[in-house]
Structure formats: C-alpha cells, structure tokens
Amino acid sequence: MTAPLAGDLSALSKLIEATLAGLAEGSTQRSGPVPALHPNALNRTVPTQLFPENGADPAETVRELSSWLAAGAADPAHPSCAGHLHCPPLAIAVAADVAASALNQSLDSWDQAPSATTLETHVLAELAALVGFEPNAAGVITSGGTESNLTGLLLARDSAIATHLGAKASSSGVALAHGRLRIICSEAAHFSVQRAAALLGLGENAVLTVPVDADHRMDLARVAELLAELNTQQLIPAAIVATAGTTDFGAIDPLAELADLAERYGSWLHVDAAYGGGALFSPLLAPTLAGIERAHSVSLDLHKVGWQPIAAGIFLARDAELLSALERTVAYLNPIDDEEAGYPSLLGRSIRTTRRADVFKIAVTLRALGRTGLASLVESCHGLVQYAATHISAHEQLELAAPASLASVVFRYRGNDELNGALRRHLLETGAAVIGRTAFNNQVWLKLTLLNPYATTDDIDGLIKAICTAGLELSRARA
Ligand SMILES: Cc1ncc(COP(=O)(O)O)c(C=O)c1O
C-alpha cells in the first residue's frame, strides 16, 4: 500500500475523483437535508476498522468514507436546511481550498507561506476598505467569530490595563486591575463574549448585559447610564461590544451612537459583525451598518454570509498599531534580523501559531464573484427570508416574532413550548428539515436561516408546509 503525498498531482487528482464519487454516492442515500436517523442509530453505522493494524487502498478508503460522511451529513445546500448560520459553500471556494490543503502553507512565518502571507495582507486590506476603515487598518484571518471576538476583547483588555494602570497585561496579567474591568454588551450578544471574558481572566461576571429594545437592539439609554455608573464606581469600561446582526433576530445595535459613547468614556468599541457583516457586500443593505467604521475592531465571518467553507473568520482593527499587544518575536519563526531584512511575519497578528491559508479560498471567491456577485447572493437570501416572513405572518397556524432580518426569521407554531420543541425534533428525525430553535420571552421559538441563494419561493413554500403539517400531526397526536 502506498500513500502518495499531495505534491504527486496525478495521485491527488485520482483521489479527489474518488472523493467526489463517494460524495455523489452518499448524497443519493439521503432524501432530505439530514439523515432520517436518531443519533443512536447513526452511531451504529460508523464504519468498522477505523484504525486497523494494516491500512487499505487509499482511493477505496476515501471513496467509502466520503460516501458514509455525505449520507449522514447535514447538507447546508438543501433548501430545507435552515437551522443555523451554516452556509452552503461555493464550489469555487471549495476548489480553492484544495489548493490551500495541498500546498499546506502555514502563516506563522514567511518561510512557510511566502505568497499566502502577502496575499492575506492584501485581502484583508480589501475587506478593511469594505468596512470603511482607513488604509492603516490591519487584521488576521481567524477560525471564526468566536476567535475574532476573543482577539478583539484581548486587545481591549490590554489597552485598558495599559491606559488606566500603565501596565502590560501580557506580562503582568490582570491582577493589577483588581477586578475593575468591565465589558458591556446587549443581552442578545453572542455567548462568545462571556467565554472570552472568562478566558481573558476577567470572569464572565465582568460582562454587563444591557436589555434590548422592541427591535432587539441594545438599549442605548441604559448603556449611557451604565457607563456613568461605572465611572462613579471607578470601574473601567474596557470594551463595549456592539452586535451587527444578532444570532437570532439579526438586529443591529446603534453603532454610531455606541461609538460616541465609547469615545466619551475611553472605551474600546468592538463590533461583532460575524453575521451582519455580510450586508456590507450589498449597496442596498450596507447602510444598515453605518458607524461600523468607527469601531476599534470588527469581527466578520465569511463562513456565515460569505459562502465559504469553514473556517473563514476575519478580525480587523482600524489601525495596525492597535494589534501591538499581540506582537511576538520568536527565535525559530521571526527573528528580528529577518524582519529587518524585509521578511515579514504574520505571527504577531494572531493568537494562533500554525495557521492554514484560509485566505486563498476567500481571495479566489472575491475575485471570481466581485462585489456585485456577492451582493446578488446576499440580496437573494434577504429576498427569500422576507418572502418566508410574509407567508408565516399570513399563516393561521404560525406566529411571527419580528420582521425578517438579513437572512433569518423567528416564529413559532401556535401551541405550547413542548409542541414547538417536538416539532423541530420531528423534522430532524424524519430527515425532512433542519430548522432553528431559540428562546425568546421565556418561550421556545423556531427560526429559519436561509443561506441558499439559489433556493426558490417554491422551496420556501414546501418548507413552511412541512412545518405546518408536522405541527398539525403532533398536536393531533397530543390531543
Ligand atoms: C453574532 C455572532 N457572533 C459570533 C459567532 C460565533 O462565530 P463562530 O461560530 O464562527 O465562532 C456567531 C455564531 O453564530 C454569531 O452569530
């Protein structure tokens, strides 16, 4: 048995063919967006001999396992796969990702990724311009919104400790701050904000959540009050985290007003646009994010509204200088004399060391589709979700929670929480649909997130019909 390296392009091409054959075969075994199997039943189908003493034929193995994986996969391209911010990747991006894997560049040092290092810098400059940042902005490609939010809050923490205590948190830690740092966000902000606070040694209790208004946006008056209270108590508002596109309702916090408050109280403004950042591609929708360009840092996420295979997170700071707390000089990666000789390293941009060239698929996508191409995908999804919201609100069995946002809509089947929870599981167990679930007003609500730009209004009708049929059957069975 030989195991060729990826540099053997003829072997690679045959193995890719075998992989694609496996995907095609496996997908036909599933009629809906997910396998109609309970997790326990799926568990029993895992191929045996996952790590045998002696290996097997590579092409056969990759074909067989790809087929198994596809048969049991949640297919984000299926029009009834509408549970999460989980997009179907573009074929062009997946093809480009093969190049990133085959070349296996690592962005922690120039000598492991010469072209990818320079490409990442250029692509980030394009995305920074899309946000509205000046040319001195900089950033890094991350594993997603969670890492981008952690990076933003790390910089905010270090900046607050430097400004207020004259210390370098990366050396002295947070003890000097005596528990005085606070992070302000809305109650609808992503949970990664609390997780970041815990990881950064501030503790989750350092995150003060502000209620949202009727439009699910951070209550500005309460933020202003809170900042004044912190000031009186000599506590430090290290960061305000505004969300541009909350996970459930897609609400956009009042960015410009929050930027004013951040400026007034010397706070770092981080905008989590992991979901809503996709609107920036569309001239129609981009104005909803006005004010984002005043943030110190921004999270974008092209594996949500950007049609990239995971991972494609983006972290941007409005000024490269703001990233200085991440700087590192490591003898084996980026010695000073190499840097002085003109060999740049992106090590000091990231909290990671080894980092794959996720930039490549992004670069290929941006170039192949252009801004108008991406805008049309965004607008198509937005149109579909508006259509879905109109139909939901007109349907007597369904109740709409709020107008549709960028690509999602929250609603429920008229009935109790138990029925709504069971309805979602029923669709999952029968393999008919993947729909989202969330909590709102202490009740269980359902959610559609529509990220297949090529789905049709007939597909949406079919999905809504499946939801209503399941709801009716389950409520009859319970009567
Ligand atoms: C608003 C927001 N921020 C951050 C995240 C986390 O992103 P990721 O899953 O890419 O880490 C999500 C995920 O849905 C999100 O909706």
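Biologist: How many positive and negative side chains does the chain have, and how far apart do the centres of the two sets lie?

Modeller: The chain carries 32 positive and 49 negative side chains, with the centres of the two sets 5 Å apart, where Lys and Arg count as positive, Asp and Glu as negative, and His and the chain ends are not counted. The place of each charge is taken as NZ of Lys, CZ of Arg, CG of Asp or CD of Glu. This is a predicted model, in which local features need pLDDT of at least 70 and side-chain atom pairs count only at pLDDT 80 or more, while totals for chains, interfaces and linings use all residues. Residues are numbered from 1 along each chain as its sequence is written, and side-chain values use heavy atoms, with hydrogens and water left out.

Biologist: Why does the radius of gyration of the chain agree with that of a compact globule?

Modeller: The radius is taken over C-alpha atoms, and the globule rule is 2.2 Å times the number of residues to the power 0.38. For 479 residues a compact globule would come near 23 Å, and the chain has 24 Å, so the two agree.

Biologist: What share of the residues is buried?

Modeller: Buried residues, those under 20% relative accessible area with a 1.4 Å probe, protein chains only, make up 48% of the 479 residues in the chain.

Biologist: Which residues of domain 1 and domain 3 are in contact, in terms of how many?

Modeller: Contact means heavy atoms within 4.5 Å, and by that rule six residues of domain 1 are in contact with seven residues of domain 3, although the C-alpha centres of these domains lie 30 Å apart.

Methods
Buried means under 20% relative accessible area, exposed over 50%, partly exposed in between (1.4 Å probe, protein chains only). Domain bounds come from an automatic or database domain assignment.
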